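Here is a short note to read alongside the model. Keep the structure open and find each residue as you go.

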Amino acid sequence: MIKFRPHQYIWIFIMGCYIGYGVETLWCLIKNGYIESRKSLVLGHLSVAYGMGAVLLTLLLIRFQGKPLWQIFLLSFVSGTVVEYICSLGQEICFGSVAWDYSHLPLNINGRVCLIYSLFWGFLGMAWVKWILPLLNLLFSHVTIPFEKAILSAFVVFFVFDAALSASAAVRMDRRDKGIQPTNQFEIFLDTHFDDDTMHKIYANSRPVETNGTS
């Protein structure tokens, strides 16, 4: 039975973030013919949704090793769909924007989730149990990283700072869109360094709810 230690989940999160960022960037290049920002935070090149998804799949499915594939598929199908819906709704409520819209795809729910991507979550879960978890276990068993604790501690500190700054910049962008003027030096700093043009370049795939049509 494969088991991971707590600090190894941080590595799983980091790998998921960077792999997701790479996949999204490559897909944009193939689909549109140009490179466009697909990162989740204003500083680091991380795709947080993919990192969270990697950790979630690991936590949920590590106990399903040896279970029938249909059970793994069903759990991944449901959990992936629920998390994707919550992430979309949370972004809209907190920041007034959405990063994806499936309204044009069949069997969607409020444009936030759809059958095609829910099926993807199901098949991904099966691959995760059969191939990804053993691969991660092999990697963690044979690779030793010098100063691992210091590296992970530095990453956590940077990630928390980056996440807080990114959330502040996104909230401030939403307030600017509503015509609300800055009320303190920090908001002036955000308006100066993370103005609308900068934010649109960082979050090129996000759209305001009003223009996107999602409600």
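1. Leucine 107 comes first. Leucine 107 is exposed, at 65% relative accessible area. Here buried means under 20% relative accessible area, exposed over 50%, and partly exposed in between, with a 1.4 Å probe and protein chains only. Leucine 107 sits in the loop between strand E1 (97-98) and strand E2 (108-109). Its phi is positive, about 55 degrees, although leucine 107 is not a glycine. Helices (H or I, at least four residues) and strands (E, at least two) are DSSP runs, numbered from the N terminus.

2. A word on the source. This is a predicted model: local features need pLDDT of at least 70, side-chain atom pairs count only at pLDDT 80 or more, and totals for chains, interfaces and linings use all residues. Residues are numbered from 1 along each chain as its sequence is written, and side-chain values use heavy atoms, with hydrogens and water left out.

3. Now look at asparagine 110. Asparagine 110 also has a positive phi of about 55 degrees, and is not a glycine. Its loop runs between E2 and strand E3 (113-114). Asparagine 110 counts as partly exposed because its relative accessibility is 43%.

4. Which residues form a nonpolar patch on the surface? They are Leu26, Trp27, Leu29, Ile30 and Ile35, with about 560 Å² of accessible area together. Patches are made of residues with over 30% relative accessible area and no salt bridge; like charges are joined within 9 Å, and nonpolar side chains (Val, Leu, Ile, Met, Phe, Trp, Tyr) within 5 Å. Accessible areas come from the Shrake-Rupley method with a 1.4 Å probe; for residues, only the protein chains shown count as cover. Isoleucine 30 lies in helix H1 (residues 6-32). At 60% relative accessibility, isoleucine 30 is exposed.

5. Next, the salt bridges. Side chains of opposite charge can pair when their charged atoms come close. The rule asks for a side-chain nitrogen of Lys or Arg within 4 Å of a carboxyl oxygen of Asp or Glu. By this rule there are seven salt bridges.

6. Lysine 178 is exposed, with 59% relative accessible area. Aspartate 174 is buried, with 17%.

7. Aspartate 191 bridges to arginine 176, with the closest N and O atoms 2.6 Å apart. This pair links distant parts of the chain: aspartate 191 is in helix H6 (residues 185-193) and arginine 176 in helix H5 (residues 148-177), 15 residues apart. Through shared partners, salt bridges join Arg172, Arg176, Asp191 and Asp196 into one network.

8. Isoleucine 132 lies in helix H4. Isoleucine 132 is partly exposed, at 28% relative accessibility. From C-alpha to C-alpha, isoleucine 132 and isoleucine 93 are 34 Å apart in space, and 39 residues apart in sequence.

9. Last, the second largest pocket. Its lining includes Trp11, Met15, Phe140 and Glu148. H1 supplies the largest share of that lining, four residues. The lining residues divide into six nonpolar, three polar and two charged.

Note on methods. On a 1 Å grid over the protein atoms alone, a cavity is a set of points where a 1.4 Å probe fits but cannot get out, and a pocket is an open set with protein on both sides within 12 Å along at least five of seven lines; lining residues have an atom within 4 Å of a point. Ala, Val, Leu, Ile, Met, Phe, Trp, Tyr, Cys and Pro count as nonpolar, Asp, Glu, Lys and Arg as charged, and the others, Gly among them, as polar.
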